[in-house]
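Here is a short walk through one protein chain. Keep the sequence and the 3D view side by side as you read.

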Amino acid sequence: MFFKDVVGQKEVIAQLIQEVKSDKIGHGQMLVGKPGYGTFPLAMAFSRYLLCENPGEHDACGNCASCAQLNSFQHPDLHFVYPVVQAIAKTSDQIDGLLEELVDRFGKLPIQAQTLIDVHRLRVKARDYGVTKVDATPHVTIISFKPNPPFDAMRIIELVQKNKHIKLAGNDRLRIERELPE
């Protein structure tokens, strides 16, 4: 993505180019916008301009080694942060769609990103059972429920009676004392 490909952001582009030319760029830049405003293309074009080995007056060269790495999202100085998993994926189907989109764009996800998505998937599924929080350590897991969860409380009592490692911890929590597999 180049500045020439970004639609309707001419003033912002001019400001970003001026920051680069005056050597007054902050350590971090956050570009925020609603979907469809061109924030991602603008961020990619700005990243390319910053990392390009031979930038022109108004855009990156597109031919240097850095530009080639950026074409495949492989530049070592380019990092993405997507704080959108919780904001846009409220159902399992939406999570699947987001995961598919990320894999299509960037290939196999790093284990940290896959774990983030898996944890959110668990959070979405657990919400149907009134679970508000799960705290897990290698030895103890605490499951917290909202008031009046949507299940029969007698089932929880039966669970506690049948399993010595599961205990009630107040009115709204279960404490599971068991080593988690590695």
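The paragraphs below take up confidence, then the cores, then a helix, and last the sheet.

This is a predicted model. Its protein chain has a mean pLDDT of 84. Of the residues, 92% reach 70 or more. Among the elements, confidence is highest in strand E3, with a mean of 92. Helix H4 (residues 85–88) sits at the other end, with the lowest mean, 55. Where pLDDT is low, the predicted coordinates should not be read in detail.

The largest nonpolar core has nine residues. Phe 3, Val 6, Ile 13, Leu 16 and Ile 17 are among them. Two elements give two or more residues each: helix H1 (10–21) and helix H2 (39–51). H2 gives the most, with four residues. Look at Ala 45 in particular. Leaving aside its neighbours within four places in sequence, Ala 45 is in contact with Met 1, Phe 2, Phe 3 and Val 6. There is also a second, separate core, made of eight residues. It includes Leu 98, Leu 102, Ile 117 and Val 124.

Two of those names lead on to helix H6. Ile 117 and Val 124 are buried in H6, and so are His 120, Arg 121 and Ala 126. An α-helix has 3.6 residues a turn, so residues three or four places apart point the same way. Helix H6 (residues 111–127) has 17 residues, which at 1.5 Å a residue should span 24 Å. The end C-alpha atoms are 24 Å apart, so the model agrees.

Now turn to the sheet. It is open, with four strands in the order E1-E2-E4-E3 and antiparallel pairing. Strand E1 (131–136) and strand E3 (166–168) are the edges, each pairing on one side only. From one strand to the next, the twist averages 20°.

Strand E2 (residues 140–145) and strand E4 (residues 173–177) are antiparallel and share five bridges. Thr 141 has Ile 176 of E4 as its bridge partner, while Ser 144 is partnered by Arg 173. On to E3: three bridges join E3 to E4, again antiparallel. Here Ile 166 stands opposite Ile 176 of E4. The hairpin of E3 and E4 has four residues between the strands. In that hairpin, Gly 170 takes a positive phi near 90°.

Helix H7 (residues 153–162) lies across E3 and E4. H7 runs at about 130° to E3.

Conventions: Residues are numbered from 1 along each chain as its sequence is written. This is a predicted model: local features need pLDDT of at least 70, side-chain atom pairs count only at pLDDT 80 or more; totals for chains, interfaces and linings use all residues. Side-chain values use heavy atoms; hydrogens and water are left out. Two strands pair if DSSP finds at least two bridges between them. Axes are lines fitted to C-alpha atoms, for helices over the stretch in contact, and angles run from 0 to 180 degrees between N-to-C directions. Contact means heavy atoms within 4.5 Å. The expected span of a helix is 1.5 Å times one less than its number of residues. Buried means under 20% relative accessible area, exposed over 50%, partly exposed in between (1.4 Å probe, protein chains only). pLDDT is the predictor's confidence in each residue, from 0 to 100. A nonpolar core is a set of buried Ala, Val, Leu, Ile, Met, Phe, Trp, Tyr and Cys residues joined through side-chain atoms within 4.5 Å.
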